[in-house]
Every structure is written in C-alpha cells, then in structure tokens.
Amino acid sequence: MLKTSHISSKLGAEESFVYLARSLELKKKGVDVISFGIGQPDFQPPPHVIEYAKQAMDSGFNGYGPSLGMPELREAVSDFINEEYGVDVKPEEVAITAGAKAAIFIGMLALLEPGDEVIIPDPAYPLYESVARFIGANIIFLRLHRGNNYKIRYEDIERLVTNRTRMIVLNYPENPVGSTMDQRDVEALVDLAYKKNFVIVSDEIYDHFVYEGKHFSTLQTPYWRDVVYYVNGFSKTFGMTGWRLGYVVANRDLISKLSVIANNMYSCPVTFAQIAAAKALQDGLEWFKPILNQYRKRRDLIHRHLGSIKGVHVFKPEGAFYIFPDFTEIIKAKGLKDERELADRLLEEKGVVVLPGTAFSKDAGKGHLRFAFAVREEDIEKGIERIKSWLES
C-alpha cells in the first residue's frame, strides 16, 4: 500500500476547489446551484487575446521555452508596470511563472529557512500559510478584524516584528476580505523591511479591481529592489485563470536564482500563452474599464443585500471581488455548530455555494462566510434570497 510522506501532509488543500467539486456533483444531480465559491472572474479573455494564442500556436510556439519566461513577455511586463506605476523595472527583474501560485511557492522556497518567522494576515489566502508550514517556517498571524476594517496597518505589523522575522506577506486588495492598504502603510512597511532586513512578499494580483481611488504598489517605494518580492498574474484582470501565467518582480540576483527552482518544478510556463499575454499587455486595458464598473455594481448590490439581513455585519469591499460578512449572531441564533455547518447547510439545502471563513488561515474567519461576487447581478439577488429564506425557515 502506498504511504504518503510526512512532509506532504504539511500542505493544505484550497477549500474553494473542494466546494467547487461538491457543487459540480450537485449539478450532476440536477440541482440549480448558485456559486459564490471559487474566485474566478466570470468573463472570458478578450477575443483578440484568444486569437493571439491561436496565432502563436500556428506560428510554432508549442515547445519548451526559458524557465524564467519568454523574453517577449518579460519585456512586455516590465513596460506595462513602468507605464502603470511610473517606475523603472527592467526585463531581467521579471520572471514569468506557471501561475501566481507558483510564483509564491518558488519565492518562499528561495527565501525561507526552517525556523524563520513569517508574518501572515489572518484571514488570508490559504496558500501562504500552507507553503510556509511546508518549508518549516514559524508563522506569526496578524489578526485583521472588523474594528479596523480588516486592514493591514503598519503599526500592527511593527509590533510583531522580531529579530527572527524573515518575511511578511502582503495581499492587497485582500482575499478574502476586499480591504486595501493605504499608501502610508505600504511605504512605512517597505522602509521597516529595509531597516530590519526582512523580505516583503507582496501579492497584488487584484490591483486593477479597486473601486475607489487607485492602487499604490510596493514597486513605487524607493527600496523595493532590496526587500520586495512582487507577485501578479493574468488570471484575474485578464480572465485567463486556466492559462496559468503569473509573474514576479524582484532584484535580478534573486530572479536568476528562481530559474533553477522553476526549471525543476515545471520546466517553463506555457509558451504560446506567453506570446499572447505579451501582445495583450501591449494593447492595454481600455476594454477592462466597463468590466470594473460592472463589478463595482455587483459589489454595491451584494453589500446592500447582505447588510439588510438582521444579525449580519458586513464590511464594504474596497477591492478584489470578495465580501466577508460576519454571521456569528445568526450561527448562535440558529443553534449551528459553526460557520462550516452554515456553509454546508446552505449548499446542501439551498444549492448556494459560499466558503466558511475558517478556510482562510487561522481564527479571524470564525463566524464568517466568504462570497465571491464574480457572478451575474440576477444570481446575486437569487442567491441572497435563498439564504434569507433558509434563515427564516
């Protein structure tokens, strides 16, 4: 009998995919399922980008490429970021990865030793904790809460930093909450990392899903080459989730070291997809503006409907496409064990997929549910009505 290793047991499964599989089973049985589960945009990549991929395949871009990515895409990413943020990223400071997840994984492998302290927000995307535990790092959780609008703030992190701190993970706009970071806090944290000699892994993949104001990047700070490991990708803004293309920006010495890890892990990112992505960046994001307006309307709609449920406390997301309401009072009133039982009952009895808040790191998700509002407005209204009817039953 095959026995799995102890080290593999340190990796946790992302529960959005677990609930996705359960919802698909219900659909096979004929259940009308409304899913607020997996964080996947509901729009396709622009037709011209799909055509670029077909053209690239027809032109012979079907073989292996460099482990750090095709030169065309590394240059396009640097040009795009420089235009967006007014910075001076060089192509050799960019690595293309097989998705943003791979970017985070290889970065932590390259930068962490067993026993290093890593500060991770709670709640947060579960991959950060999973990989840090896999490597053997000690995790220090930064508790986000309703009292500070679930924001990552400089003062809160500064109190947690010790002489053993090796890494801080930032994700903003934040999954699962939708909070953003103030420019002041970003600048102060990068400055602190420079003075204290630790690295900031900054996952900014939702940078174009910002509903008020403008995203301020860690790459806009003076010391980013010394302390920042910047992560982004094409899954969210371009709707290219299945294309598995992410990218890293960091100083060139670190980028060159990532090549060996990437080569061992996945050889190279998908070649023809990279050629299409390079052209997509060169075309710009004018086409994305109406999509952002549509998501802003959805954000307002789901916030209004959830806020109308007595006993639900809900923060209005500033970015991303998630909302993280607190159902603690309702869980107690209904005599439920916890948020997981609530999520399971809504799925099985009403065909509504939501994720339990404890799928996102340690304790801050207790009593919460995460909704991804990457669905049509009519499905938002229909799904919330089903939840209300279940609560009233």
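Start with the contacts across the whole chain. Contact here means heavy atoms within 4.5 Å. Among contacts in the chain with a separation of 6 or more, 75% come from residues 24 or more positions apart. This is a predicted model, where local features need pLDDT of at least 70, side-chain atom pairs count only at pLDDT 80 or more, and totals for chains, interfaces and linings use all residues. Residues are numbered from 1 along each chain as its sequence is written, and side-chain values use heavy atoms, with hydrogens and water left out.

**Whole chain**

Show the cartoon. The chain holds 14 helices and 12 strands; these are DSSP runs numbered from the N terminus, helices being H or I with at least four residues and strands E with at least two. The radius of gyration of the chain is 21 Å, close to the 21 Å that the globule rule gives for 393 residues, so the chain is as compact as a globular protein of that length. That radius is taken over C-alpha atoms, and the rule is 2.2 Å times the number of residues to the power 0.38. Now colour by burial. Of the 393 residues, 58% count as buried, meaning under 20% relative accessible area with a 1.4 Å probe, protein chains only.

**Residues 32–387**

Select this span next. UniProt, in an unreviewed entry, places "domain: Aminotransferase class I/classII large" here; such annotations may be inferred rather than shown by experiment. The end C-alpha atoms of the span lie 14 Å apart.

**Strand E3**

Select residues 117–122. Six of the six residues in E3 are buried. Glu117, Ile119 and Pro121 point one way. Val118, Ile120 and Asp122 point the other way.

E3 and E4 run parallel, joined by six bridges; strands pair if DSSP finds at least two bridges between them. Ile119 has Ile140 as its bridge partner in E4. Follow the chain from E3 through helix H5 (residues 126–135) to E4: this β-α-β crossover is right-handed. In other words, with the strands pointing away from the viewer, the path from the first strand over the helix to the second runs clockwise.

Ile168 in E5 stands opposite Ile119.

**Last stop: Thr358**

Jump to the loop between strands E11 (355–356) and E12 (369–372), where Thr358 lies. Which residues is Thr358 in contact with, leaving aside neighbours within four places in sequence? They are Glu339, Arg340, Gly365 and Lys366. Show the side chains of Thr358 and Arg340: a polar contact of 3.4 Å joins them. A polar contact is a pair of N or O atoms within 3.5 Å; within protein, one must be able to donate a hydrogen and the other to accept it, and residues adjacent in sequence count only if both atoms are side-chain atoms.

How values were computed:
Buried means under 20% relative accessible area, exposed over 50%, partly exposed in between (1.4 Å probe, protein chains only).
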